[in-house]
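Open the model in your viewer and keep the selection tool at hand. The stops below are meant to be taken in order.

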Amino acid sequence: MATPDAQNGTISFSCGSFRFVPTDMSAARAEWNRLANNMPALEETFSDRDQHLAPSDGASVAPLASTSSQTGTGVGKESERSSVKTAPQKGIEKEATSTTDTTIRRAKPTEQWTTHPEMVTRTVIGPPEFFYSKDNSFYLSETRVLPKFWTKHVHFSGKVYFHHRRFNLITPNDIREPLILQNIERIRKQEISKFIKVVNPKDLPSCEHIVMLPRLDSSDTADIYHVAINSRRVLRMDGDNVVEQAKELFWRHLELYPMHNHFLPWDYEVEFLNAITFGANERIRDFRNTPFPFVDRQCERFLRIYQDLKDRLESTENAVIPAIVWHIARVMAEVEKSRTQYHWGTPENRIYRNVAIPEPSRLEMILTLPLFGAHSMYRTRLQGTRVKGAVYLPDFRKLMQQFLDEWADSNLLATVFVSANVAFLAVPGIDALQKTASLASSLFAMMSITVGVHHVWRHRSKVDALYQDAESYLYHVRRLGEHIDLTITACFLSLPVVSLLWSVLCFTIAIAAFCIQSTNISSKIILVTLLSLLGFFASVTLLFFWHIWRSPRHNEIEEDFNMDTRLNVDPLKGLPKAEMAVKNLIKSLKMRTSGQRRETGKKKEQATRDGLSNNIS
């Protein structure tokens, strides 16, 4: 509830037991005057009105609704509002507003300030600004007025940046600090003026200039780059030359500084929809080796958010344009990163991502016998999610789910073998060899259960892992070498399955020893024959399925490209048919050629006969 205070002309707000009284701004203004007196006044030679450059002829935009708000231009009617309104206080004279196009403002130490309409800290989209208590450490930093033509914007993430509306200059540094403002003005007069002399401003309309100052105690130079909005280019000065940067940096720029955008170029939307449509189509057709970075579920969510924001453009008077620009830029930054990696838009463009994995290391070959080759299977699958240093998050998440299913099955089977060994040890008359083999089988089964439960516990939360988690997991032992780090990880991951296989082997030895040592001669013959047959069929089965699946790729798909691979058809199966088709084509061409020759010969012979008959007549 708001109650007026007749003595000081302020308004106090009370809610229950809480009472909030806006603080006096005179102390903040006095501090600003003191600091500003030590720096030269800023001379501004253009109109006070915001001048937003119109887009080029090739860009159709969604214009913002005009507003007559006293505090400046905004995205809609009353979309820019001061969060706290205070009545004029005693001792503060109201400043007259200049009506001329050229103004010169100087801060005088004896002058009492009021809040100038062009100096109000404004936020297009973001949380409102509060007056802090004098005891709060943020009082002097957050209640200071802004220099003319500067606007404060709050990003969706909460970060703050400042935009100069006349010179179209952006900086994340706090220009309310006089020293920082001096450095920004110096860079604008030197570096940005140099860029404008080299590049004709008419060739790059709506060009934004970004200045990021280093720490005051740092010897680094300021990071300056220029963004051509209409042509979607990022430029930097290299001496007297202008160098164009990767297009990914353009989308990164829009992602970092979207709040001051007042229009939505149609080509942003077209490029976004083209990329999402291509990626969704690739995922729908199950092209798993596509370089597109998002899965179909993510594409669906991106389109839904985009459509929801577009539907609210009219109802919000275009106030959601910064949100749309930020949403498109964040998606396109990842898409452009993938495009750059695979040479999109060039003759060297690749339609497949990297899938070739390195050859197995010597350590992996040595461990094949004790680990039954299970570690090779795990290493190959891990390598498929980290190819040539690039981590593929969708494949990593799917692999984690597969690991959890495998360990759950191995835990169940290991429990069965523990029960079987306990029952076997209760059989009377078993000798030392049988008991030892059964006990070893029990220990291996218990190890499989223990390690399997540990793996499930540690990997359960990584089914929806972030990219940083996946990268940390796959590079956990990178210091041991790029070729053997995944091999070591695979050895630990394969322990549940390997322990279960050793448990099965030991239990088989115990049963075989019991069959041979605890039976008479006729039974021994039958059981030994049966065991031999079982071993033979087991070996044949292993050999049969040893190379039934295609071996992992050690070269990229484009190196032996065939359209059949794009259609998920095995090219080897199509070779005999292709060979037969070529032979039939050659045969038909020969028959057609010989037929044409015979017809030509008959025509010539008939023409000769007709000529002879005419001569005789």
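Which residues form a nonpolar patch on the surface? Select Ile516, Val528, Leu530, Leu531 and Leu534: together these residues make up the patch, with about 390 Å² of accessible area. Bear in mind throughout that this is a predicted model.

**Stop 1: the patch and helix α15**

Next, select residues 521-544, which are helix α15. This helix gives the most to the nonpolar patch, with 4 residues. Valine 528 is in helix α15. Its relative accessible area is 36%, so valine 528 is partly exposed, as buried would mean under 20% and exposed over 50%.

**Stop 2: the largest nonpolar core**

Which residues touch the most other members of the largest nonpolar core? They are Phe250, Trp251, Phe272 and Ile324, in a core of 36 residues. To find the elements around them, select β10 (223-228), α4 (247-256), α5 (266-284), α6 (296-311) and α7 (321-341); each supplies at least two residues of this core. Helix α7 gives the most, with 10 residues.

**Stop 3: salt bridges**

Side chains of opposite charge can pair when their charged atoms come close.

Begin with arginine 236 and aspartate 223, a salt bridge whose closest N and O atoms are 2.6 Å apart. Arginine 236 belongs to strand β11 (residues 233-238) and aspartate 223 to strand β10, so this pair ties together parts 13 residues apart in sequence. Arginine 236 is partly exposed, at 24% relative accessible area. Aspartate 223 is also partly exposed, at 29%.

Then select arginine 330 and glutamate 255. They form a salt bridge too, and here the closest N and O atoms are 3.5 Å apart. This pair links distant parts of the chain, with arginine 330 in helix α7 and glutamate 255 in helix α4, 75 residues apart.

Glutamate 271 is in helix α5 and arginine 339 in helix α7, so the bridge ties together parts that are 68 residues apart in sequence. Glutamate 271 is buried, at 10% relative accessibility, and arginine 339 is buried as well, at 13%.

**Stop 4: a buried glutamate**

Select residues 362-366 to show helix α8, where glutamate 364 has its place. Glutamate 364 counts as buried, at 3% relative accessibility. Which residue does its side chain meet in a polar contact of 2.9 Å? The partner is serine 376, through its own side chain.

**Stop 5**

Select residues 432-459, the 28 residues of helix α11. At 1.5 Å a residue the helix should span 40 Å, and its end C-alpha atoms are 40 Å apart, which agrees. Now look at the N-terminal end of α11, which is capped by aspartate 431. A side-chain oxygen of aspartate 431 lies 3.5 Å from the backbone nitrogen of leucine 433.

Isoleucine 430 is in the loop between α10 (393-425) and α11. At 14% relative accessibility, isoleucine 430 counts as buried.

**Stop 5: strand β9**

Finish with residues 207-212, strand β9, and pick out valine 211 within this strand. Is valine 211 buried or exposed? At 0% relative accessibility, valine 211 counts as buried. Select asparagine 183 as well; it is 28 residues from valine 211 in sequence and 9.9 Å away in space, C-alpha to C-alpha.

Note on methods: Residues numbered from 1 in each chain as written. Predicted model: local features only at pLDDT ≥ 70, side-chain atom pairs only at ≥ 80, totals over all residues. Heavy atoms only, no water. Expected span 1.5 Å × (residues − 1). Polar contact = N/O pair within 3.5 Å; in protein donor to acceptor, adjacent residues only side chain to side chain. Patch = residues over 30% accessible without salt bridge, like charges linked within 9 Å, V, L, I, M, F, W, Y side chains within 5 Å. Areas by Shrake-Rupley, 256 points an atom, 1.4 Å probe, with all protein chains shown as cover. Salt bridge = Lys/Arg side-chain N within 4 Å of Asp/Glu carboxyl O. Buried < 20%, exposed > 50% of the residue type's maximum accessible area, 1.4 Å probe, protein only. Core = buried A, V, L, I, M, F, W, Y, C linked by side-chain atoms within 4.5 Å.
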